[in-house]
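Here are my notes for you to read alongside the sequence and the model. Please keep both open and find each residue as it comes up.

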Amino acid sequence: MKILFTFYVPSGGVETLNRLRCETLRKHGVEGHILYTSPGSGLQNITDTPTYVTNYDEDISQILAANQFDAAIVTSDYLMTERLRRLQFQGPVIFEAQGFGTMEQAHTLVQDSVTYLRSYCQAVLLPPTSHLIELFNHFCPWLRQFIFMNMVDTQIFRHREAELSLNPILGWVGRLEKNKNWVEFLNIASKLTQLIPSLQIRMLTDETLAAPQERQDFKDRVNTLNLVSRLQTISNVPHSQMPYQYSMIADSGGFLLSTSLVEGFGYAVGEAIACGCPVVSTDSDGVRAFIKHNQTGKFYSQGNIEQAVQESMDIMLNFPLRQQICEQGVRLIQEAFSPSAYASSFIQMMNALDVS
């Protein structure tokens, strides 16, 4: 079985998912190839999966002809479903709902995709995320759905011996854009520094994906909040190095703060928890798969800065609760997000679509 996975750009959670599932599926006799229509920093993470970067019909046509894929998984880019058919791809096309952004963006994307999905797709693949399932039930009730959990690679994402920080670290992972809600993160960080003067702030981001105005707004906000001296921004950390970042945050006595408006899945949260790094997060739908409040992480209500600060202080100072949350979180990731379970579900989906 040979499968083509397509997306816009190799970055963020979709890049992680594409790479991990190709590596995992290979062990189960499925050969995965990846097509991106634009270059991105995530290419540094790919080592042994056939990967193409092109947005030209001629190139894509040659890739299709050379490989004779049995099926294609098209993530987010509904226009690609028509393109594949126009370029004479005959196998099943499965549209995948990942990386949709805010609720409003997701609503618009699904609504705009209806004509294409009706004409060119055989199914939709979804994580068990309520707002995505509801959107497809509403706009595409006729489209066959396959719903199963993404995977977390706990062979890589586990606690590691990392550089020891003398001060607690407040961590954040994401792009500088609206849905990741970096403004709220900085506002919470500012409040926390007043309570914990030694607190250091570490933001792991991909600066190549930030709009120029967003970068300027970010710098202005950091200056206004007087956070320059304690803030470290690190761009494009190789994925293989992220377990060391999460372990360093955990060992410092700090935590990861996720401020997203909405997440389809939220890889950064799951991978941090797998490394024993406690997480405080908005209840952004997709991360409910990882976080049970005060059991495997903590939630705060989006926009409620005081509550975010209260939960943050609790995760840092309530040591028995912190240890319990970390231990239960690691156990959850190991049990519920295994690569072998993903591979089994994926192959069952393919077989149900008469691909074997």
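1. The model is a predicted one, in which local features need pLDDT of at least 70 and side-chain atom pairs count only at pLDDT 80 or more, while totals for chains, interfaces and linings use all residues. Residues are numbered from 1 along each chain as its sequence is written, and side-chain values use heavy atoms, with hydrogens and water left out.

2. Which residues surround W182, leaving aside its neighbours within four places in sequence? W182 is in contact with W172, L176, E177, M203, E214, D217, F218, R221 and T259, where contact means heavy atoms within 4.5 Å. The C-alpha atoms of W182 and S258 are separated by 9.1 Å, although these residues are 76 residues apart along the chain.

3. W182 and F218 form an edge-to-face aromatic pair, with 5.5 Å centre to centre and 75 degrees between the planes. Rings of Phe, Tyr and Trp (its six-membered ring) pair if their centres lie within 6.5 Å, and planes under 30 degrees apart count as stacked, over 60 as edge-to-face and the rest as tilted. This pair links distant parts of the chain, with W182 in helix α6 (residues 182-195) and F218 in helix α7 (residues 212-224), 36 residues apart; helices (H or I, at least four residues) and strands (E, at least two) are DSSP runs, numbered from the N terminus. F218 is buried, as is W182. A search of the whole structure finds 15 aromatic pairs, and ring pairs also link F5, F148, Y342 and F346 into a cluster.

4. In what order do the seven strands of the open sheet lie? The order is β3-β2-β1-β4-β5-β6-β7, and the pairing is parallel; two strands pair if DSSP finds at least two bridges between them. Because β3 (51-53) and β7 (145-147) each have a single partner strand, they stand at the edges, and one side of each is left without a neighbour in the sheet. The twist averages 20 degrees from one strand to the next, with axes being lines fitted to C-alpha atoms, for helices over the stretch in contact, and angles running from 0 to 180 degrees between N-to-C directions.

5. Within this sheet, β5 (residues 93-96) and β6 (residues 123-126) pair in the parallel sense over three bridges, and I94 stands opposite A123 in β6. Helix α3 (residues 78-86) packs on the sheet and touches β1 (2-7), β2 (31-36), β4 (71-75) and β5, its direction making about 170 degrees with that of β5. Helix α12 lies across β1, β4, β5, β6 and β7, and runs at about 120 degrees to β4.

6. The axes of α1 (residues 12-26) and α12 (residues 339-352) come within 10 Å and cross at roughly 80 degrees. These helices are therefore roughly perpendicular to each other, a term covering angles of 65 to 115 degrees. L17, R21, T24 and L25 of α1 meet P339, Y342, A343 and F346 of α12.

7. Phi of N226 is near 60 degrees, a positive value in a residue other than glycine, and N226 is exposed, with a relative accessible area of 63%.  Phi of N236 is likewise near 60 degrees, but N236 is partly exposed, at 24%.

How values were computed. Angles under 35 degrees count as roughly parallel, over 145 as roughly antiparallel, 65 to 115 as roughly perpendicular and the rest as oblique. Buried means under 20% relative accessible area, exposed over 50%, partly exposed in between (1.4 Å probe, protein chains only).
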